[in-house]
Amino acid sequence: MENILVYSDSVSWGIIPGTRKRLPFSQRWPGVLESCLNRDGRKVRVIENCLNGRRTVWEDPFRAGRRAVDGLAQVIEMHSPLDCVLLMLGTNDFQDTHDNRAWMSAQGVAKLVSIIREAPTEPGMPVPQILIIAPLAIVDPKGMIGNKFTGAEQRCRGLPQELDNVSRDLNTLFLDANAWVKVSERDGVHLDEDQHEILGKVIGDFLVKSPVFDRKK
């Protein structure tokens with residue numbers, strides 16, 4: 001059994017745009033990913049740790065426990081051994097409560113990479129591969145989350161390139177979700193169901209060709 005951890009926010013949690021409801025596991029991208037990876041006879045478990053409003057290193061002034069750095073080492077420890085950790089974070093770094101730009105958010109992701117690699121796992125357990133996934137660019141945020149993301153469309157510009165730079169510097173895997181999917185027109189931040197399906201399949205194809213599975217041949 002190969003274990004993959006998805007450490008992310010509401011986009012991967014599967015919130016249905018314009019609502020507070022959640023897509024079922026089979027329809028959100030981590031579930032699509034698991035199905036795709038197991039289709040060829042593999043035995044892969046995709047573990048979700050996705051929290052609405054999660055930032056990389058910043059506090060949410062209104063809701064506690066949204067810093068991704070807090071408790072990450074213990075999350076890695078509790079789910080080990082892990083073959084790969086998928087990091088898709090940064091969207092909430094651009095909420096209106098923060099004056100962040102792309103470089104700052106990418107440095108937050110870099111901090112997460114270091115925590116994963118230094119996590120206190122049991123002796124002999126492998127350090128997992130890490131895949132940084134650049135989240136979707138925010139486009140015209142509206143509806144019930146519109147106020148929270150005022151100005152985010154401008155602040156998040158350049159994040160994929162900054163995350164690619166971090167990936168190269170830290171020798172992780174990298175994938176830019178913007179190359180295949182787009183945010184929902186209903187809220188400008190989250191994914192519609194058809195986009196979840198596309199993203200799950202894209203990530204599955206990427207992982208199959210990556211060192212995550214190559215090293216086990």
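**View 1. Val127 lies in the loop between α4 (102–117) and β4 (129–134).** The structure is a predicted model, in which local features need pLDDT of at least 70, side-chain atom pairs count only at pLDDT 80 or more, and totals for chains, interfaces and linings use all residues. Residues are numbered from 1 along each chain as its sequence is written, and side-chain values use heavy atoms, with hydrogens and water left out. Helices (H or I, at least four residues) and strands (E, at least two) are DSSP runs, numbered from the N terminus. Val127 has 47% relative accessibility and so counts as partly exposed; buried means under 20% relative accessible area, exposed over 50%, and partly exposed in between (1.4 Å probe, protein chains only). Between Val127 and Ser80 there are 9.1 Å in space, C-alpha to C-alpha, and the two are 47 residues apart in sequence.

**View 2. Ser80 and Pro81 are joined by a cis peptide bond.** Omega of this bond is about 5°. Pro81 belongs to the loop between α3 (72–79) and β3 (84–88).

**View 3. Asp140 and Asn171 are shown for their positive phi.** Most residues other than glycine have a negative phi, and most peptide bonds are trans. Asp140, which is not a glycine, has a phi of about 50°. Its place is the loop between β4 and α5, and Asp140 is partly exposed because its relative accessibility is 43%. For Asn171, phi is near 60°. Asn171 sits in the loop between α6 and β5 (173–176) and is exposed, with a relative accessible area of 65%.

**View 4. Met144 lies in the loop between β4 and α5 (152–155).** A relative accessible area of 52% makes Met144 exposed. Which residues does Met144 contact, leaving aside its neighbours within four places in sequence? They are Gly18, Thr19 and Arg20, where contact means heavy atoms within 4.5 Å. Met144 is also 9.6 Å from Pro17, C-alpha to C-alpha, although 127 residues separate the two in sequence.

**View 5. The largest nonpolar core has 36 residues.** A nonpolar core is a set of buried Ala, Val, Leu, Ile, Met, Phe, Trp, Tyr and Cys residues joined through side-chain atoms within 4.5 Å. Ile76, Leu87, Ile132 and Leu163 touch the most other members. Two or more residues each come from β1 (2–8), α3, β3, α4, β4 and α6 (159–170), and α4 gives the most, with eight. Not counting residues up to four places away in sequence, Leu87 touches Tyr7, Val109, Leu112, Val113, Ile116, Ile130, Leu131, Ile132 and Ile133. A second, separate core has 29 residues, among them Val11, Ile15, Ala177 and Ile203.

**View 6. Helices α2 (residues 29–38) and α7 (residues 193–208) cross at roughly 45°.** Their axes come within 7 Å; axes are lines fitted to C-alpha atoms, for helices over the stretch in contact, and angles run from 0 to 180 degrees between N-to-C directions. The two helices are therefore oblique to each other: angles under 35 degrees count as roughly parallel, over 145 as roughly antiparallel, 65 to 115 as roughly perpendicular and the rest as oblique. Trp29, Val32, Leu33, Cys36 and Leu37 of α2 make the contact with residues of α7 that include His196, Glu197, Leu199, Ile203 and Leu207.
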